[in-house]
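The following paragraphs lead the reader through a protein structure step by step. Please keep the sequence and the three-dimensional view at hand while reading.

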Amino acid sequence: MFRRSLGILGTAALLARPALGHAPTAARRPGERVLRVVAPFEFAGPDPARSGHVFARMGVGEMLLGADPEGRPVPMLAECWSTSPDGLLHRFVLRPGVRFHDGSPLTAEAAAASLRHAHAAASPLSRVPVAAIEATSDAVLIRLSRPFAPLPAVLANYASMILAPAAYDEAGRVRAVIGTGPFRVERFSPPLQLDVERFEGWWGPRPAIGRASYLVVSQGEARATMAESGHADLTMALQPVTVARLRRSPRLEVLTVPVPRTRILKLNAASLYFADQRVRHALSLAVDRQGIATALLRNPAMAADQLFPPTLQGWHLPAPPPRRDLGMARTLLAEAGWRPGPDGILVDAERRRFACRCTTYINWPELPPIATALQAQFREIGIDMSVVIGNSSDIPRGHRDGTLEMALMARNYALVPDPLVTLLQDFRPGGGDWGAMGWSDAALDAALHALSAPEGDPAAARQRAAGILREALPVIPIAWSELGVAISRDLAGVTVDPYETSYRLHDIAWAR
Amino acid sequence: MGRRFLDRFLRPVLMRLVQPLLVALIVGALGFALMAVLPGDQAFRLAAARYGPDMGDAAAAALVRQELGLDRPWAVQFLDWVGRLVRLDLGHSLVTGEPVLQELTMQLGYTLALAGVALPLSALLGLPLGLLAGLQPGGPVDRIMLGLSVLLRAVPAYALGLCLVTVFSIHFGWLPPAGFEGWREFVLPALTLALGLAALSARVARDSVAVVAASPFMAFARWKGLPERAVVLRHGLRNAAIPVIALLGLQLVGLVEGLVIVESLFSWPGIGHALVHAIFARDVPVVQGTALALGLIFVLVNALVDLACALIDPRRARAET
């Protein structure tokens, strides 16, 4: 009987195999080596607004423009572009002879249709004052209702990806990923795996790599192990604790590249606690940034004395190193009316305790430990901060209903390669979901709007804006970020894009 | 005569047919109700799951709310689901936009493949050891097995999986700690599941065998001169198998619980992994679809277990008539 029941179960297992949909790809074309990318970022469906980050990184989809290492726009599917003197009409001339993966030609109408789709979706383009997106014979025209200088940077964001007309169904939903990039989709299995193969009709030089796969492994330790044991060729987003170990592996080269993502403490400036700028300064003075960066991030250079890391040239301020000054912090708190109560926790004149709640989330695994470090550090100046670990959506929601007191979060200032686009969202009057809360500054608003107009001195305006943010501290910078990448020594020509827009697979070759 | 026919054959069959329908309705309603009472705003959750933290803001949530009609009353949304279920349409995932049925088919394939390896593996590990232990209750094999079983049941699947990864992936470098492409990727997640299940099935098999081994009919079989092999195979195994088969059915509960953990740990794109993500994202159609699939599998397995037990033990069928 056991044998019979085993037989039934075995048959079930065999029957279940074909349901996997496809035979293992390696079996289909033996000899063609697959470059295996392992990363923690899951993807959801074929819509570029949701999963475009993976399509762009794997070289499947392309945008009209790309970004150079300084974040300046460079040609991609658009060969050149121009702006009318009033800043309202942008013209992007398409690269001739480009074909989509289904063989259809890239036309201005196809590009305009993709951009109209992006404008209707939850994408950076939807936040741009677009009046119309039109097509001429060889160019896409974007008409704005008011000037918006960083538009080219918005078009370099993955959500502005250009897909073939056949990629959309009648209702305008994306049904398939048919892009123009050096690689095309071989197998698309969201949320965990994407297999791509070389697209022989690409407009650029023929890539040396024939096939590649993208596998999501959310556990940092598992990713490190896959790199170490040779199960991954390109391993992204290494956790700081595993970097030192992987550096010792003869199989791997480990690169760490600063990325423009800053861990910040968002404060509700409309609340009892943080309305006073002196209190915000006291909090900033109480943070042991060096300690956090050294112990939790394993790199003291990640201590953030300002919002913008040195790589964001133009926005980064020349500044002294971050320092901790508890004495000064206590003085500022006392000036603001907070004095130690019987249990050491501060109380104000009306005997209200300085007990606040900090919300954070687990998408970035270092955030909860940083939050608990801050909890201990704020305790030293008499602030009782509790930590709530939840979902990232708790922050925009708490912002909207006003219940958020503090939030520890990681904010990418170059999701659109020009930080201005993110800053306009985050620090608009009254604040933004992922920026200031209950705080406005007319001078900052003027500086940011001067930057989005076509005239003026952008360098001075950027420094002015960064200076205001450092002085007023609507959010407190804690630590900058770096991207750790483990590269198999079997690969040659790997470079890391600090904006994480592409893994540049088309530049990579097998070294052995 | 007609009455007896109805009682004897038609009613059990009808019961079996009504059961899945009831399960579908209850599971769907429960999934809906539980999602509704969870804290957090569904539109914000969905926006975060769709667009990631950087793009998941109130504007994205407003678009999601408008697109999906999330501000409709809960009752309307639920009736909408029931209406579609009648037409065998499970709807679309609110996160990916893909049909739930299509996603479920793929995920169920991966999960059944993993379960299809883990269950026989647990039987291979647990049953012979249980049999050995049960033939000599209190002997050294029995004692060692007891210790091992307690240990393996006490360690959560998550910790057990990490231990296996540490040994087989990190220390020896034999097996990948994640992925789902070939047989090597099956080993660690299947073993993690199988060890936990084997610990229990070994104990049940041991007790069952011990009871049967000490029973008068075994002694009688020996007295009447049957060779030991025939005694164990014909009288021992068959009688000891009944509780074990029933347990294998029950183990499905443990298997689902283990799958949720193991699939998340080993990045396995199965139904457990999908369920966890759908709950976090408040992706109600996926939660309902997944729960429905699991519920129907329970019903199916229970029916199969009943059938198997009736086949092994004809007394049951007779007693029921």
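The model examined here is predicted.

The next topic is the interface between the two chains. The size of an interface is often given as the accessible area lost when the parts come together. For chain A and chain B, the buried area is about 4900 Å², and 63% of it lies on carbon and sulfur atoms. In terms of residues, 59 of chain A are in contact with 59 of chain B. Polar contacts across this interface involve 12 residue pairs, both members at pLDDT 80 or more. Several elements of chain A give two or more residues to the side that touches chain B, among them helix H1 (2–16), helix H3 (48–57), strand S8 (183–189) and strand S17 (406–412). The largest share of that side comes from H1(A), which gives five residues.

Charged side chains also meet between the chains. The count of salt bridges between chain A and chain B is four. In one salt bridge, the side chain of Arg175(A) meets that of Glu98(B), with an N to O distance of 3.6 Å. A network of salt bridges links Arg261(A), Arg411(A) and Asp426(A) with Asp54(B).

Over all chains, the structure holds 40 salt bridges. Within chain A, Arg245(A) forms one with Glu228(A), and their closest N and O atoms are 2.9 Å apart. Arg245(A) lies in helix H7 and Glu228(A) in helix H6 of chain A, so this pair ties together parts that are 17 residues apart in sequence. Both partners count as partly exposed: Arg245(A) has a relative accessibility of 23%, and Glu228(A) has one of 24%. Another salt bridge of chain A joins the side chains of Arg143(A) and Glu134(A), at 3.2 Å from N to O. Here Arg143(A) is partly exposed at 34% relative accessibility, and Glu134(A) is partly exposed at 29%.

Asp207(B) and Arg206(B) form a salt bridge in which the closest N and O atoms are 2.7 Å apart. Asp207(B) is partly exposed, with 37% relative accessibility, whereas Arg206(B) is buried, with a relative accessible area of 14%.

Is Arg198(A) buried or exposed? Its relative accessible area is 14%, and Arg198(A) is therefore buried, as the buried class lies under 20%. This arginine is part of strand S9 of chain A, residues 193–198. The side chain of Arg198(A) makes a polar contact of 3.2 Å with the side chain of Glu200(A). A polar atom of the Arg198(A) side chain also lies 3.4 Å from the backbone oxygen of Ala208(A). When residues up to four places away in sequence are not counted, Arg198(A) touches Glu32(A), Pro182(A), Phe183(A), Arg206(A), Pro207(A), Ala208(A), Ile209(A) and Gly210(A).

The peptide bond that joins Pro190(A) and Pro191(A) is cis, with omega at about 10°. Pro191(A) lies in the loop between S8 and S9 of chain A. Ala237(A), a residue other than glycine, has a positive phi near 55°. Ala237(A) is placed in the loop between strand S11 (234–235) and helix H7 (240–247) of chain A, and at 16% relative accessibility Ala237(A) counts as buried. Glu500(A), again a residue other than glycine, has a positive phi near 55°. The loop that holds Glu500(A) runs between strand S19 (491–492) and strand S20 (509–510) of chain A. With a relative accessibility of 14%, Glu500(A) counts as buried.

Conventions:
Residues are numbered from 1 along each chain as its sequence is written. Chains are lettered from A and ligands numbered from 1 in the order in which they are written. This is a predicted model: local features need pLDDT of at least 70, side-chain atom pairs count only at pLDDT 80 or more; totals for chains, interfaces and linings use all residues. Side-chain values use heavy atoms; hydrogens and water are left out. Contact means heavy atoms within 4.5 Å. Buried area is the accessible area (1.4 Å probe) that two parts lose on being put together, summed over both. A polar contact is a pair of N or O atoms within 3.5 Å; within protein, one must be able to donate a hydrogen and the other to accept it, and residues adjacent in sequence count only if both atoms are side-chain atoms. Helices (H or I, at least four residues) and strands (E, at least two) are DSSP runs, numbered from the N terminus. Buried means under 20% relative accessible area, exposed over 50%, partly exposed in between (1.4 Å probe, protein chains only).
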